[in-house]
Amino acid sequence: PLMVLAGLVFEPGQGDMSVLIPQTVSIVQNDPNYGHLLGWVVGNENPASQYPQIDAVIKAVKAGMTSDDKVRPVTHAVPTVSAGQVAIIQQQLPSLDWLGINTFYGQFDAAHQGGGFLNIQAASLSQGGWAKPWLLTEYYSYDLPSPGFGNVAGMPSQTLNGQPYYFELNSTLNAANYRRSYQDYIVSVISTGSADGYS
């Protein structure tokens, strides 16, 4: 069956998140399709200064899981994480069941590729001491547009009317990027046991 990871917007300026998010979870728990819910994502790429508030909301969401059929893992989605950021996440978001990672990696051609993201994510998590599961909550095959990284050229573009327009791969080549990244940076990580990875 189709499974869905439900994102819950964490935006304190829009109301009391400690009330609104648990209320939303309660409503969805009563939906007849709840069995298709894989888990909850509380917030997306929020600043670290909001982590204590997010953790409190995660605890409230978990408290509302009053029976086994209502229990789902809860995560927060962050951009690609360095080893040094893991300690902050573990300290300030201890209630996470898993960590959502928004990342990308791929190439336009041999001279233009993304770098320093999905290809090093499992190692960074392991070096930082992350012991819980993690999953890809957003993925694209490369950074578009990209200024380049180190000695890697940015994505190719053409300037029209003074504005750069970045080239996009056709669907066949983009699908190859997805397959390659899944095999190289997800499946291989799981099979070697160097980190817990889920996609």
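**Close-up views: aromatic pairs and core**

The structure, a predicted model, holds 4 aromatic pairs. Rings of Phe, Tyr and Trp (its six-membered ring) pair if their centres lie within 6.5 Å; planes under 30 degrees apart are stacked, over 60 edge-to-face, the rest tilted.

**View A. Phe 104 and Phe 117 form a tilted pair.** Their ring centres are 4.5 Å apart, with planes at 40°. Phe 104 belongs to strand β4 (residues 99-104). Phe 117 sits in the loop between β6 (112-113) and α4 (118-128), so the pair ties together parts 13 residues apart in sequence. Helices (H or I, at least four residues) and strands (E, at least two) are DSSP runs, numbered from the N terminus. Both Phe 104 and Phe 117 are buried (under 20% relative accessible area; exposed is over 50%, partly exposed in between; 1.4 Å probe, protein chains only).

**View B. Tyr 139 and Tyr 178 pair edge-to-face.** Centres lie 5.1 Å apart; planes meet at 70°. Tyr 139 is in strand β7 (residues 134-140) and Tyr 178 in helix α5 (residues 171-192), 39 residues apart. Tyr 139 is partly exposed at 22% relative accessibility. Tyr 178 is partly exposed too, at 31%.

**View C. Ile 89 in its surroundings.** Beyond neighbours within four places in sequence, Ile 89 is in contact (heavy atoms within 4.5 Å) with residues including Tyr 51, Val 78, Leu 99 and Trp 130.

**Notes.** Residues are numbered from 1 along each chain as its sequence is written, and side-chain values use heavy atoms, without hydrogens and water. Local features need pLDDT of at least 70 and side-chain atom pairs 80 or more, while totals for chains, interfaces and linings use all residues.
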